[in-house]
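Student: Could we go through this structure together, one question at a time?
Tutor: Gladly! Have a look at it here, and then ask away.

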Amino acid sequence: MEKKGTEIILQALKEEGVKYVFGYPGGCVIPLFDEFLNHPEIEMIRVRHEQAAAHAADGYARVSGRAAVVIATSGPGATNTITGIATAALDSIPMVIITGQVRRKVIGTNAFQEINVLGISRPVTKHNYLVKNIANLPRILKEAFYIAQTGRPGPVLIDIPVDIQTQTTDVNIPATIDIPGYVLPEKVSAEELHQVWDMIQHASRPVIYAGGGVNLTNAGAELLEFAEKCNIPVTTTLLGLGCIPEDHELALGMLGMHGQYTANIAMTRTDLVIVLGARFDDRVTGKVETFLAQSKIIHVDIDPSVINKIKEANIGIIGDVKDFLIGLNKLAGPLETELWVEEVKKTQKEHPLKNYDKEPMAENELRPEYIIGQFSKITKSDAVVVTDVGQHQMFVALYFKFKKARSHLSSGGLGTMGYSLPAAIGAAYWVKNRRVISISGDGGFQMNIQELATIRNYNLPIIIVVFNNGNLGMVKQWQDFFWNSRHSGTILDVNPDFVKVAEAYGIPGFRIGKKKEVPELIRKALKTKGPILLEFVLDKDAHVYPMIPPGDEIKNIIEGAGQ
Amino acid sequence: MKYVISILMDDKSGALARITELFTSRGYNVDSICSGEAENIGTHRLTLVTDGDDQRINHILKLLKNIVYIFEVTLLKPDESVSLELMLIKVKMNSENRAQIIQLANAYEASIIEMNGKSASFRVVGSASLLDGMTAVFREFKIIELSRTGEAAIHK
């Protein structure tokens with residue numbers, strides 16, 4: 001039976017189990033938007049900017065583990081999605097982006113709203129397609145979801161000329177996938193597992209360094225089983241947060257530039273690091289030459305190009321982290337690591353994170369660490385926290401005690417300001433029975449502030465938190481530390497009244513400037529059924545500690561005042 | 001050091017763009033690219049010559065294999081492979097240097113495509129270094145036009 005291009009697209013979405021699509025209309029996607037009216041079973045969430053559509057899809061994918069779908073029109077619609085696509089690409093988040101394109105006849109003529117989206121998106125997509133023949137559309141749709149969600153996940157873009165959307169074909173969506181060049185890694189072999197276990201048994205001071213791959217493969221339970229069985233401490237990357245409960249006795253918290261003291265120091269004393277689904281990001285390693293110079297490395301990742309890229313591994317395993325851990329747990333048994341774990345615990349006791357709950361504070365002093373701590377405490381960490389980028393992002397990573405995977409959403413690789421608010425929108429469509437808390441600074445919040453309209457539009461119960469210190473805190477911190485406090489460009493002299501802005505969008509807003517008001521307002525927000533905005537007016541000069549200066553060695557870690 | 005990489009890929013648009021993208025985005029040089037139909041219909045073989053060190057090349061090989069349309073990526077070792085390149089060269093020629101130019105061309109086993117009172121065009125096939133050498137020698141005369149295909153390579 002002949003079907004229209006748009007009907008095939010909707011059919012593919014349905015077959016892939018897509019329930020929500022995040023998009024923004026425009027000339028070259030009118031046929032596709034029209035088709036959604038015939039398919040109320042798939043809801044089109046119309047945001048207010050295409051970048052937000054991509055971040056929303058990203059947020060949905062991070063909490064659900066499923067590729068989410070973005071729809072944007074040609075030209076500026078497509079280019080607006082690029083930051084969102086790049087954000088997903090850098091953090092290995094599955095996503096399918098459908099962009100409209102001008103009709104085939106005028107491609108290449110600089111037609112109205114024509115841009116070479118294939119070329120622009122190539123560096124930030126795992127794969128991309130321009131559909132030139134409707135007969136290929138069914139296969140391409142099937143392949144796009146498969147490529148996006150298998151192996152190392154990532155965004156796949158399909159550029160569909162508007163005339164193909166209305167054309168018909170009798171070609172069906174294929175039942176099977178046949179992409180000869182796209183080969184997934186084989187299962188980790190018994191021999192490899194024995195080799196790994198042998199090396200672990202010979203280690204006396206092992207550490208597990210767990211990254212986003214553990215969360216992406218939902219391998220938290222397997223990781224915990226392994227760590228407990230062998231009594232090995234676990235440190236996580238920013239994207240690995242939540243893979244092990246932060247209050248677990250083997251949890252060292254985040255490592256890296258703003259990581260916890262003990263996590264970082266453990267990396268200088270260990271003799272074997274088991275790296276799971278992580279990629280030795282420069283924010284983790286600092287100076288690469290000295291990082292783990294004394295230690296052996298077992299590196300497990302699904303992407304072969306990650307192994308030996310930054311640090312040579314003694315054993316490199318290409319494969320799925322979860323499969324690897326399931327296999328390893330069959331071999332693993334108790335190790336004699338008591339002394340090592342004791343040493344680590346002692347360090348932890350001697351160098352704890354500063355506890356701002358107990359810290360005496362002036363009446364009008366409001367520390368971000370304290371606020372995050374209160375959110376963690378009052379929600380019992382049973383919430384999804386979506387951060388933006390900057391100081392607050394690190395405060396969340398340090399002070400929110402995550403207990404579950406897929407509860408912490410943050411742009412780790414690209415470091416995209418403006419991510420939080422739209423990503424929280426996506427998350428809100430998956431998360432039930434838990435609150436989604438979006439936290440931004442006053443800088444990042446204004447980068448996608450228009451999404452307050454989307455939140456009001458769909459009445460999403462998001463707790464919108466703005467940390468207002470009147471400056472771009474993280475960059476200012478670098479200027480304070482390394483540029484003689486010359487604050488070029490980082491002071492936001494003029495900010496809107498965020499409470500009034502929220503109210504203008506029909507969202508209740510509250511401003512908090514005193515410590516004693518914090519718990520009460522958090523409780524109030526949690527009781528609110530719909531969206532609510534909380535603006536915290538913070539000290540302008542707070543710095544994030546600990547900090548390892550960029551490119552420096554771990555031993556030069558700055559613990560911060562009073563620690 | 002020079003590396004010759006052989007890439008077997010699907011004959012689909014976008015594959016070549018992703019390969020060149022991979023090199024340019026990292027600031028790596030491509031010395032030459034030579035591409036055409038391969039043994040199976042619908043597939044292309046691309047021979048790419050680049051420089052670097054072992055660590056960088058090993059990383060590049062993995063990144064290339066990650067490209068969806070690429071089936072196979074092989075680093076060709078000089079002793080296990082043969083690589084050849086075609087060069088077309090047109091030089092200015094007059095009655096005084098004619099004999100010398102033809103003698104040199106013969107030494108490189110170049111064949112004459114066209115010759116007249118003002119110039120001569122040659123076709124020569126050989127290793128890239130042979131062609132480099134011939135180019136250097138012919139710079140003594142006036143080279144009017146020069147075009148090379150880049151090395152094509154297969155296993156012995």
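Student: Into which domains is chain B divided?
Tutor: A word on the source first: this is a predicted model, where local features need pLDDT of at least 70, side-chain atom pairs count only at pLDDT 80 or more, and totals for chains, interfaces and linings use all residues. Residues are numbered from 1 along each chain as its sequence is written, while chains are lettered from A and ligands numbered from 1 in the order in which they are written. With bounds from an automatic or database domain assignment, chain B has domain 1 (2–76) and domain 2 (82–155).

Student: Which element gives the most to the side of domain 1 of chain B that touches domain 2 of chain B?
Tutor: With three residues, the top contributor is β2(B).

Student: Why do the buried residues of α10(A) line one face of the helix?
Tutor: Buried means that 20 or more other C-beta atoms lie within 10 Å of a residue's own, all placed from the backbone. In α10 (residues 220–230) of chain A, the buried residues are A:Gly220, A:Glu222, A:Leu223, A:Phe226, A:Ala227 and A:Cys230. They line one face because, taking directions from the helix axis to the C-beta atoms, they fall within an arc of 165 degrees.

Definitions and conventions:
Helices (H or I, at least four residues) and strands (E, at least two) are DSSP runs, numbered from the N terminus. A residue is buried if 20 or more other C-beta atoms lie within 10 Å of its own, exposed if 12 or fewer, and partly exposed in between; C-beta atoms are placed from the backbone.
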